[in-house]
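Good morning, and thank you for coming. I would ask you to look at the structure on the screen while I speak.

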Amino acid sequence: MSTVAEVSIDRAEDRHRRRWHILVFLAPALLVYTAVMILPLIETLRLSLFNVKDNQSIFVGFANFQVLFGDPRWAASFWNALRNNFVFFLIHMLVQNPIGVALAALLSVPKLRFGAFYRTAMFLPTLLSFVIVGFIWKLILSPIWGVSPFLLDLVGLKSLFSPWLGKPGSALIAVSLISVWQYVGIPMMLIYAAMLNIPEEVLEAAECDGVTGWSQFWKIKLPLILPSIGIISILTFVGNFNAFDLVYTVQGALAGPDGATDILGTLLYRTFFGFQLQIGDKSMGATIATVMFLIILSGVCLYLFAIQRRMRRYQF
Amino acid sequence: MAKPTASPVRTGLVHLALIIYTLIALFPVFLTVINSFKDRSSIFRDPLGLPTPSTFSLIGYQTVLGQGDFVLYFQNSFIVTGVSIFFVLLFGAMAAFALSEYRFRGNTLMGLYLALGIMIPIRLGTVAILQGMVAAGLVNTLTALILVYTAQGLPLAVFILTEFMQTVSDDLKNAGRIDGLSEYSIFFRLVLPLVRPAMATVAVFTMIPIWNDLWFPLILAPSDATKTVTLGSQVFIGQFVTNWNAVLAALTLAIVPVLVLYLIFSRQLIRGITSGAVK
């Protein structure tokens, strides 16, 4: 092994002799990333402050946001989409992540047989495209086909069946649960990984102290996997506030019935791209994208500065 | 210390719970596949029955292959996904090498700048991306999709590969330098072969969202010649929504490649996740 001093001399020489290499190595990634991702993002934020009048783009300050939040033509659908989006997120946090944690806890039972098979099978839905997932569930939940009434009949709950996707009261919950079904594999895998990383000695020490089973899970394992739960929460947050595809495939761009499943992603699509009688509006599209950006950014910042810092990292 | 052996009852309950969830996860896929091989009346009469010689029918597949341009859609998806992954891996590895190997002013800042895209979805810039693609004349080309997906995949690739490249021994690289290898040869001939496992992980992680994406094909390349298989099946199913045979067959055709790839790569993918590649 070379010593630290030698390495730093090497590095210092690098700086003088070979600095062009660094640029060559960085340039392609930097160029594509900046040109296709960062600049359009900034341009979108900028466009939200402009509007088109008489074919001329003029600076309007925050007028677009005032329209979005307050103008009767926009505000109702915006607040509706925002509220739906929060419900969508809440259902994921309350259903997807607890199920993911439970499955991971079951999978990490020591000496479990067929563990690899279960993991592979349960992760499969995550890989399917929204188009497949959306249409499969649309067929299964369809009253025409009768698969779900038949299955409910098997457990004696046939009377509960109704066309959930078609009713304004239940459509959002149904779509959210379809999304949960698809994505439960991600928390499951990440928590499973975190549980594998808990050292044997800690669990053995707990067993010596008589902490086993349920109380071992709540008192020992859960605190140790909290950082992973934090990561999953922020991934869920970003994914949910950026979601579009599933609602689009299950309920169409209008996010029916009667806007009951409209979330920010579908609202952005309709606003920016236009749909049926509605004409696409670039400025308002950029405004909605900016609002989504600010929501996601504040979520990420909250996670990075408030949650992650307070979380204790255990070093073994 | 010997582990206390779990009681058979508890082990049985654990398996029961896992089997129930496995069924929930697999049942919809299973249902779709078996019904795609049945004739119309038995799809409705007996949705859960396996296809028998008397109910077996390929009418759905005939409709799909006769009506939709699925061969072309598959080809488009393969080109877009393959080329994007190639660029993500090449550019990502190059940038990761620069960040992990050299000390230069702004190194940390550059790393943070490239990591921004892990959390901020590229979708939010769609308005300006479309505007730019229109200006560059790239609308309805596969190039537009490849550019977007390359940019989308780079942040995570750089992040994972940088961590991985820090583990490559300095002695090896310095030995290469003493032997007179240029920095480029050190990267391509010494470092790249060593980080191959990490590259495979990145490739799998990058591939799934690209293959499944609906948003950008819908907005940037909706023309018939450039439809990806995800968009193609979305449009096809939308048109044939009452033809259940065709819909089920189209869904099955869309599932098969994912299923095959997953069976090949599942070990890689699951190992990638569980070894903490994404944190």
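Predicted model: local features only at pLDDT ≥ 70, side-chain atom pairs only at ≥ 80, totals over all residues.

Let us begin with the interface. How many residues of chain A are in contact with chain B? There are 95 residues of chain A in contact with 91 residues of chain B. The area buried between chain A and chain B is about 9000 Å², and carbon and sulfur atoms give 78% of that area. Polar pairs are present as well: 17 residue pairs are in polar contact across the interface of chain A and chain B. On the side of chain A that touches chain B, helix α2 of chain A, residues 19-47, gives the most, with 19 residues. The residues on that side of chain A divide into 70 nonpolar, 12 polar and 13 charged.

I turn now to charged pairs. Side chains of opposite charge can pair when their charged atoms come close. Over all chains, the count comes to 10 salt bridges. How many salt bridges are found across the interface of chain A and chain B? The rule finds one. Asp245(A) and Arg123(B) are the partners, with a distance of 3.0 Å from N to O. On the chain A side, Asp245(A) lies in helix α12, residues 245-251. On the chain B side, Arg123(B) lies in the loop between α5 and α6. Are Asp245(A) and Arg123(B) buried or exposed? Both residues are buried.

In one of them, Arg270(A) pairs with Asp262(A), the closest N and O atoms being 2.8 Å apart. Arg270(A) and Asp262(A) are both buried. Chain B, for its part, contains a network: salt bridges that share partners join Glu101(B), Asp170(B), Lys173(B), Arg177(B) and Glu183(B). Returning to chain A, the other salt bridge is that of Asp71(A) with Arg73(A), where the closest N and O atoms are 3.5 Å apart. Arg73(A) counts as exposed because its relative accessible area is 66%, and the cut-off for exposed is over 50%.

Let us next consider the spans of chain B that carry an annotation. The UniProt record, an unreviewed entry, gives "transmembrane region" for several spans of chain B, including residues 12-34 and 111-130. The span of residues 12-34 of chain B is 100% helix, and its end C-alpha atoms lie 30 Å apart. The span of residues 111-130 of chain B is 70% helix and 0% strand, with its end C-alpha atoms 27 Å apart.

The next topic is helix α7 of chain A, residues 147-154, whose buried residues are Val147(A), Ser148(A), Pro149(A) and Leu152(A). These buried residues of α7(A) pack against α6 of chain A together with α1 of chain B. After α7(A) comes Gly156(A), with a positive phi near 70°.

Why does His15(B) count as buried? Its relative accessible area is 15%, and buried means under 20%. Leaving aside its neighbours within four places in sequence, His15(B) is in contact with Leu112(A), Arg113(A), Phe114(A) and Tyr118(A). With Tyr118(A), the side chain of His15(B) makes a polar contact, side chain to side chain, at 2.9 Å.

Finally, I would draw your attention to backbone angles in chain A. Phe114(A), already named as a contact of His15(B), has a positive phi near 60° and is not a glycine. Phe114(A) lies in the loop between α4 and α5 of chain A, and at 54% relative accessibility it counts as exposed. Asp258(A) likewise is not a glycine and has a positive phi, of about 55°. Asp258(A) is found in the loop between α12 and α13 of chain A, and it is exposed, at 77% relative accessibility.

That concludes my presentation, and I thank you for your attention.

How values were computed. Residues numbered from 1 in each chain as written. Chains lettered and ligands numbered in written order. Heavy atoms only, no water. Contact = heavy atoms within 4.5 Å. Buried area = accessible area lost by both parts, 1.4 Å probe. Salt bridge = Lys/Arg side-chain N within 4 Å of Asp/Glu carboxyl O. Polar contact = N/O pair within 3.5 Å; in protein donor to acceptor, adjacent residues only side chain to side chain. Helix = DSSP H or I, 4+ residues; strand = E, 2+ residues; numbered from the N terminus. Nonpolar A, V, L, I, M, F, W, Y, C, P; charged D, E, K, R; others polar. UniProt positions renumbered as here; feature names shortened; annotations may be inferred. Buried < 20%, exposed > 50% of the residue type's maximum accessible area, 1.4 Å probe, protein only.
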